[in-house]
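Please look over the sequence and the model first.

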Amino acid sequence: MKKILVLNGPNLNLLGTREPAQYGHETLADVERMCKEAGHKLGVAVECRQSNHEGQLIDWIHEAGQEIAAGKMIGVVMNPGAYTHTSIALHDAVKGANVTLIELHISNVHAREEFRHHSYISPAARGIIVGLGVKGYPLAIEALVGLSG
Ligand code: CA2
């Protein structure tokens, strides 16, 4: 069974504990359960990881690139959190490891502060899901499976 990796970046471990108007009431555990259920329905294994550390996310993207090249993984869904707006290193990792990646944001970053309008990740992403709440995660999984077919 092929795999999809779901990566969540900094502070997303706080989901469901604060800022419900922006990010909803679901916790990260709820999101990870939704992702695994979506994968189960579509016949793919979903692995979920979260880190507050840029280098850790980069290492996981490199590993994903190797698994994709080996035909074991379809791609990655990533909510890079605030690294979206700062990290050339994450951009380089996605491009350099040749990772098929869906960039995802729970909130509509374009309706928020101007500093959230620019993404370093988007030019390296295969597609982007923005502002659909946590329901965007299963949609991103469905999209990756569709792209792989
Ligand atoms: O909308 C998104 O998914 C974001 O990627 C979330 C990031 C933010 O920096 C991006 O601009 C947009 C922030 C994630 C922090 O999540 C929290 C959740 C609950 C309480 C506090 C933070």
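The sections below cover a helix pair, several individual residues and the surroundings of the ligand.

## Basis

The model is predicted. Residue numbers start from 1 along each chain, in the order in which its sequence is written.

## Helix 3 and helix 4

Two packed helices are described by the angle between their axes and the distance between the axes. Helix 3 covers residues 54-69 and helix 4 covers residues 88-96. Their packing angle is about 10 degrees, and the axes are 9 Å apart. Angles under 35 degrees count as roughly parallel, and helix 3 and helix 4 are therefore roughly parallel to each other.

On the side of helix 3, the contact is formed by Glu 54, Leu 57, Ile 58, Ile 61 and His 62. These meet Ala 89, Leu 90, Ala 93 and Val 94 of helix 4. Sorted by class, the contact of helix 3 with helix 4 consists of 7 nonpolar residues, 1 polar residue and 1 charged residue.

## Lys 3 in strand 1

Lys 3 is part of strand 1. Its side chain and that of Glu 67 are joined by a polar contact of 3.1 Å. Apart from residues up to four places away in sequence, Lys 3 touches Ala 45, Glu 47, Glu 67, Lys 72, Met 73, Ile 74 and Gly 75.

Gly 43 is 40 residues from Lys 3 in sequence. In space, the C-alpha atoms of Lys 3 and Gly 43 are 9.2 Å apart.

## Two buried loop residues

Leu 15 sits in the loop that runs between strand 1 (3-8) and helix 1 (20-23). Is Leu 15 buried or exposed? The relative accessible area of Leu 15 is 5%; the cut-off for buried is under 20%, so Leu 15 counts as buried. With neighbours within four places in sequence left aside, Leu 15 is in contact with Tyr 23, Glu 26, Thr 27, Leu 28, Val 31 and Ile 106. Val 134 is 119 residues from Leu 15 along the chain, and their C-alpha atoms are separated by 10.0 Å.

Arg 112 belongs to the loop between strand 4 (101-105) and strand 5 (127-130). Arg 112 is buried, at a relative accessible area of 16%. Outside the four places on either side in sequence, Arg 112 has contacts with Gln 22, Tyr 23, Ser 107 and His 117. With Gln 22 there is a polar contact of 3.5 Å, made between the two side chains.

## Around the ligand

Which residues come nearest to the ligand? Of the 17 residues around the ligand, these are Asn 79, His 85, His 105, Ile 106 and Ser 107.

In the side chain of Asn 79, an N or O atom is 2.8 Å from a ligand oxygen. A polar backbone atom of Ile 106 is 2.7 Å from an oxygen atom of the ligand. For Ala 82, a backbone N or O atom lies 3.4 Å from a ligand oxygen.

## Positive phi values

Most residues other than glycine have a negative phi. Asn 11, found in the loop between strand 1 and helix 1, has a positive phi near 75 degrees.

Asn 98 also has a positive phi, near 55 degrees. Asn 98 is placed in the loop between helix 4 and strand 4. The relative accessible area of Asn 98 is 61%; exposed means over 50%, so Asn 98 is exposed.

Technical notes: This is a predicted model: local features need pLDDT of at least 70, side-chain atom pairs count only at pLDDT 80 or more; totals for chains, interfaces and linings use all residues. Side-chain values use heavy atoms; hydrogens and water are left out. Axes are lines fitted to C-alpha atoms, for helices over the stretch in contact, and angles run from 0 to 180 degrees between N-to-C directions. Helices (H or I, at least four residues) and strands (E, at least two) are DSSP runs, numbered from the N terminus. Angles under 35 degrees count as roughly parallel, over 145 as roughly antiparallel, 65 to 115 as roughly perpendicular and the rest as oblique. Contact means heavy atoms within 4.5 Å. Ala, Val, Leu, Ile, Met, Phe, Trp, Tyr, Cys and Pro count as nonpolar, Asp, Glu, Lys and Arg as charged, and the others, Gly among them, as polar. Buried means under 20% relative accessible area, exposed over 50%, partly exposed in between (1.4 Å probe, protein chains only). A polar contact is a pair of N or O atoms within 3.5 Å; within protein, one must be able to donate a hydrogen and the other to accept it, and residues adjacent in sequence count only if both atoms are side-chain atoms. A residue is near a molecule or strand if one of its heavy atoms lies within 4 Å of it.
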